[in-house]
Amino acid sequence: MKKIPLSIISLTIASGLHAPSHANFFDPNDGQLDLSQWVLDNATGFLPIPFVITEPAVGVGGGAALMFFHETDEQKQARKQDPESVEGIPLSVSGLVGAATSNGTKIYGGFHSGNWKDDHIRYLGGLFHADINLNFYEPSSSLAIPLNIAGNYFFQDIDFRLGDSPWFLGADYSFMSSTTKLEFDANTRIDELVSNDAGLGVKLSYDSRDHLFSARSGTFARLQAKRFSPNLGGDFDYHSEHAFVQNYQRLAKNWGLALRADYKAASDGAPFYAKPYIDMRGMPAMRYQGDAVALAEAQVSYDINTRWTVLAFAGIGYQDLPEQRFKNAEPLYSQGVGVRYLIARQLGLRTGVDIAKGPEEWTLNIQFGSAW
């Protein structure tokens, strides 16, 4: 659920077709459809933004966000003097969000994404209520068990830049109060768990990406350790680890390569819904869980012109299960193709569609910014 605010910020920029008809939707540089000026001209004030959801785990749906952009006097002055420099100005946004999908999932809440002191402090926090319907799978099983998680999720996340370097030191806190139901048999057995889960984490990040949402070059990496404990307000006592690296590079003028490696683990004592899962295109959320999961993914892109890009990607993931550790685990593959359009040139934001094939099904994902 912490991904929702970041996705909504990208969706806000990419949904400019719903702006007033007098807005300038075309880039004077090439005459192509572009929403940079519309976003920048609306850097203050509330804006209603509709969006679409295509996550296969919860079905097709949509919603709307009421957004408020925050622009400092320094940012406004820099933008007025040199509009081409705005891609280096991180967004600060507050928003209210509501969404629903075809399988009955509903989410609503509010968040703030802040950026202060010339990108030396990054903050994300929010409170959401969710009623989510998913399928849960026992380890090494293809039998889907209907799962419902309903409750509130509160999170606080902050990062401090170390000097003027690309390194950040940060911390995060999350608290979830929920009722979880597993419907093993519609006629005889429904297991219900009412619980709180609270954790405090520390993290070290490296971020040299040229754009926060649609990186074309640079590296984003993180090491994170998090402790969940009754002393923090929860009912469970366990810890989790997360390490990842994402690298973006230009192979030639029109060719790009993106590489990703990701590892997540949770110790004994973690509730079943907190176990990590393979998060990759072509694989529904929570489908492939384990005590730990690891994946690697590569993506090659080709720029047809300055606006349109086509891409192909492939990945492999592993589950660490009690009866089948990493060294004996069966690999899970995903591959697909996609297309992107540079919808906001001055902000470096691209939007498009990915079609992916996982171990069991095809998925269609509408993308705003990077798929990672």
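Modeller: A salt bridge here is a side-chain nitrogen of Lys or Arg within 4 Å of a carboxyl oxygen of Asp or Glu. Keep in mind that this is a predicted model.

Colleague: With which residue does the side chain of Asp119 meet in a salt bridge?

Modeller: Side chains of opposite charge can pair when their charged atoms come close. The N to O distance in this pair is 2.8 Å. That is within the 4 Å limit. The partner of Asp119 is Arg161.

Colleague: How many residues apart in sequence are the parts that Asp119 and Arg161 tie together?

Modeller: Asp119 sits in the loop between β4 and β5. Arg161 belongs to strand β6. The pair therefore links parts whose separation in sequence, in residues, is 42.

Colleague: Is Asp119 buried or exposed?

Modeller: The cut-off for buried is under 20% relative accessible area. Arg161, the partner in the salt bridge, has 18%, so Arg161 is buried. Asp119 has 12%, so Asp119 too counts as buried.

Colleague: Arg281 and Glu297 meet in a salt bridge as well. Which strand holds Glu297?

Modeller: The N to O distance between Arg281 and Glu297 is 2.9 Å. Arg281 lies in the loop between β11 and β12. The pair ties together parts 16 residues apart in sequence, because Glu297 lies in strand β12.

Colleague: Which residues do salt bridges that share partners join into one network?

Modeller: Start from Arg281 and Glu297, which are both buried. Shared partners extend the network past this pair. Its members are Arg260, Asp262, Arg281, Glu297, Arg340 and Asp354.

Colleague: How far apart in space are Phe272 and Phe136, C-alpha to C-alpha?

Modeller: Phe272 is in the loop between β11 and β12. In sequence, Phe272 and Phe136 are 136 residues apart. Yet the two are in contact. Their C-alpha to C-alpha distance is 9.4 Å.

Colleague: Is Phe272 buried or partly exposed?

Modeller: Buried needs under 20% relative accessible area, and exposed needs over 50%. Phe272 has 22%. That value falls between the cut-offs, so Phe272 counts as partly exposed.

Colleague: Which strand supplies the largest share of the nonpolar patch?

Modeller: This surface patch covers about 620 Å² and is made by Val52, Val337, Val353, Ile355, Trp362, Leu364 and Ile366. Both β15 and β16 give at least two residues to the patch. The largest share is three residues, from β16.

Colleague: What is the relative accessibility of Ile366?

Modeller: Ile366 lies in strand β16 and is part of the patch. Ile366 counts as partly exposed because its relative accessibility is 31%.

Colleague: Last, which residue in β10 stands opposite Arg227?

Modeller: Strand β9 covers residues 218–228, and eight of its eleven residues are buried. β9 pairs with β10 in the antiparallel sense over eleven bridges. Opposite Arg227 stands His239.

How values were computed: Residues numbered from 1 in each chain as written. Predicted model: local features only at pLDDT ≥ 70, side-chain atom pairs only at ≥ 80, totals over all residues. Heavy atoms only, no water. Buried < 20%, exposed > 50% of the residue type's maximum accessible area, 1.4 Å probe, protein only. Helix = DSSP H or I, 4+ residues; strand = E, 2+ residues; numbered from the N terminus. Pairing = 2+ DSSP bridges. Patch = residues over 30% accessible without salt bridge, like charges linked within 9 Å, V, L, I, M, F, W, Y side chains within 5 Å. Areas by Shrake-Rupley, 256 points an atom, 1.4 Å probe, with all protein chains shown as cover. Contact = heavy atoms within 4.5 Å. Lists of a residue's contacts leave out its neighbours within four places in sequence.
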